[in-house]
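Biologist: Could you bring the model up so that we can go through it together?

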Amino acid sequence: MLKFIQKGLYGLWNVWFYVLACFGVIICLPILIVALKRESWYRYVFWLGRNVWSPIILYGMGFWPKFSYYQKLDNNKSYMFVANHLSMIDIMLMLMVVKNPFVFVGKAELQRLPIFGYIYSRAAVLVDRDSAKSRKSVYSNAQRKIDLGYSMCIYPEGLVPSPDVYLAPFKNGAFSLAIQYQIPIIPITLPDCKKRFPFQFSFNYWVGSPGILRATVHPAIDTKGLTSKDIQSLKEKTYQFFSDQLEKEGYS
């Protein structure tokens, strides 16, 4: 009986996440409808995501973000932000830890979601990983964003790993883009998201709790002078860095 009650409480807590997410979108919607009309106005969309939508969700869920910075970010420079992907709350935490307006590169299928899908499709660079044409279009779309002064953010695993995997293999996309446009890679580790709020409904994984959510912005990995021949080694170097950092947090 106790286990049944515990699952019920976790289920309600999970539903509360979606309630907060929808509430945040509704509050921001009037400004979003206008700001999404032009790519050059995206910085206002980012501001809302960082200062309104994300805090509503994280603080509303009982999470307390805590940030550490080992890299000073230049507001006039574009970066490739990469982070490990362990939970849905990774998105909100990334928006809050980075002040530089960045654009997510994400899955095209998320645009099917009501309301959020429309906003997501206008605010992010979408990719269908099963379509070569879609993967190729990411480069031209990313170039437009970088030309406008925005940074990019990619979860290089390309998915949220199952509970028994703490770091899935990295895809080439983030590293290929960073090299092509010669922008620094900024690794950001999110060690607490999986412990605090895993995908309960997806994996029947009933754990988690409110508490501190840490995010660490690590020193940049330079890509100056690198070519497409260096993608594999750059990817392996970055993967090993993330693996080492997460092992220090007890993942293995």
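Modeller: Before the helix pairs, a word on terms: axes are lines fitted to C-alpha atoms, for helices over the stretch in contact, and angles run from 0 to 180 degrees between N-to-C directions. Helices (H or I, at least four residues) and strands (E, at least two) are DSSP runs numbered from the N terminus. This is a predicted model, in which local features need pLDDT of at least 70, side-chain atom pairs count only at pLDDT 80 or more, and totals for chains, interfaces and linings use all residues. Residues are numbered from 1 along each chain as its sequence is written, and side-chain values use heavy atoms, with hydrogens and water left out.

Biologist: OK, at what angle do α2 and α3 pack?

Modeller: The angle between α2 and α3 (residues 90-97) is about 130°, and their axes are 8 Å apart. The two are therefore oblique to each other, given that angles under 35 degrees count as roughly parallel, over 145 as roughly antiparallel, 65 to 115 as roughly perpendicular and the rest as oblique.

Biologist: And which residues make the contact?

Modeller: With contact meaning heavy atoms within 4.5 Å, α2 contributes F46, G49, R50, W53, S54, P55, I57, L58 and Y59, while α3 contributes I91, M92, L93, L95 and M96.

Biologist: What about α6 and α9, how do they pack?

Modeller: Helix α6 (residues 173-180) packs on α9 (residues 231-248) at about 120°, with 9 Å between the axes, so this pair is likewise described as oblique. On the α6 side F175, S176 and I179 meet I231, L234, K235 and T238 of α9.

Biologist: Switching topic, how many salt bridges are there?

Modeller: The whole structure has 4 (a side-chain nitrogen of Lys or Arg within 4 Å of a carboxyl oxygen of Asp or Glu). One of them joins R144 to E39, with the closest N and O atoms 3.0 Å apart. R144 sits in helix α5 (residues 132-147) and E39 in the loop between α1 (2-35) and α2 (42-60), so the pair ties together parts 105 residues apart in sequence.
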